[in-house]
Amino acid sequence: MKIAYLDCFSGISGDMTLAALADAGADRNYIEEELRKIKIDPFTLEWKRVNKKGISALKMDVLLDPNTPPTHHRHYSEIVKIIHGSGFNDRVIKLSLAIFEKIAIAEAKIHDVPVETVHFHEVGAIDSIVDVIGVALALDSLEVEKVFSSPVVLGSGTVRCDHGIYPVPAPATLEMMRGLPIAPTNYSLEMTTPTGAGIIAGVVDEFTKGYPPMIVETIGYGAGTRDLPNQPNVLRVVIGKADPFAHKFQVQHFETIHSHTHHSEHEQHHHHEHSHSGGHEHSHSHDHDHSHSHDHGHKHDHDHDHTHSHSHSHAHDQGGADQKHEHTHTHEHSHAHNDHDHDHDHDHHGHKHDHQHEEHVHKPHTHDHHVHDHSNHVPPGLKQ
């Protein structure tokens, strides 16, 4: 989004604003061609470079035709008709009317008259009309979508106008700044004019004490008429793009490493009636990476990489018809994939183990232990 920042450290006026925007890159030819559409007294624009306390700035003046007596006073309703009848695009019309509306409302309150019948004095003059519409054209040329401003320096002291000597800021200027941030100054003179206040009140979207988050593209300086003793009498305008990361921050998401090591340890002591002679011990260890089928009474079908370890210990206590069969199983599964479908069929001496693993959901291991009755079988060497 294209934005503009008005740095009003030395106040603001209509001609300073137009010059600063042009210095920042607004198309002067476009502005002048469009201004010719205004059906008012003839005029021309003069642009020149000046130096204000070491800063090179652009100065803009509206020059009137010396052979045509100027009209200094116009009603607000007349100015609205001029703007609507000039054939500007909708955005220029909207911006121009927004500025003049703020001025009209302030003047109406000061003089206690209806807005439609407000009689503009200085603001109704040709130069002020050109300044206001010129600023709207410049913002349109720069394709500015949002306008920011610093707190505005108004000035102090007194100023002479058509009604006599007025305090600074002028009543209309101060009225337009209601609810908006202003800044102090040590200079006893008018630093913000009614037209400048109208621009601030009419087009500024947001005020900031410092620069808004932005990518700076161009900078323009618009010069005022006076020379200040200790600072440049200029309005600085900064054009750029709103910082796309202004309201964003990067979140570090630390990946949680899940180590699924499934230990299914069954230490079960089963008492079976066997008629086997002698004790025996079985130890089986299987490490699998692929699908295997082992014929040791165990059937392992693996669709995914895993390590499977079985340890079986059988101990038979020969003690007649009642024999003790102790079976210890340790199963360790380490899975590296999300989806596992393992069917294990282990058949060790009548013991069947079925394991179903699916999406890391480990179902309980089922051990089918059968009690064998070997009462009719007498192993050799066993005395009854």
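Trainee: Before we start, what counts as a strand here?
Mentor: Strands are DSSP runs of E with at least two residues, and they get their numbers from the N terminus. Keep in mind that we're looking at a predicted model. With that in hand, the strand that holds Ala-223, residues 214-223, is β12.

Trainee: Is Ala-223 buried or exposed?
Mentor: The cut-off for buried is under 20% relative accessible area. Ala-223 sits at 0% relative accessibility, so it counts as buried.

Trainee: How far apart in space are Ala-223 and Met-60, C-alpha to C-alpha?
Mentor: Along the sequence, 163 residues separate Ala-223 and Met-60. In space, C-alpha to C-alpha, the gap is 7.8 Å.

Trainee: Where is Ser-10, and is it buried or exposed?
Mentor: Look at the loop between β1 (2-7) and α1 (14-23), and you'll find Ser-10 there. Its relative accessible area is 1%, so Ser-10 is buried.

Trainee: Which backbone oxygen does the side chain of Ser-10 reach?
Mentor: Leaving out residues up to four places away in sequence, Ser-10 touches several residues, including Met-16, Leu-228 and Pro-232. At 2.8 Å, its side chain reaches the backbone oxygen of Pro-232.

Methods
Residues numbered from 1 in each chain as written. Predicted model: local features only at pLDDT ≥ 70, side-chain atom pairs only at ≥ 80, totals over all residues. Heavy atoms only, no water. Helix = DSSP H or I, 4+ residues; strand = E, 2+ residues; numbered from the N terminus. Buried < 20%, exposed > 50% of the residue type's maximum accessible area, 1.4 Å probe, protein only. Polar contact = N/O pair within 3.5 Å; in protein donor to acceptor, adjacent residues only side chain to side chain. Contact = heavy atoms within 4.5 Å.
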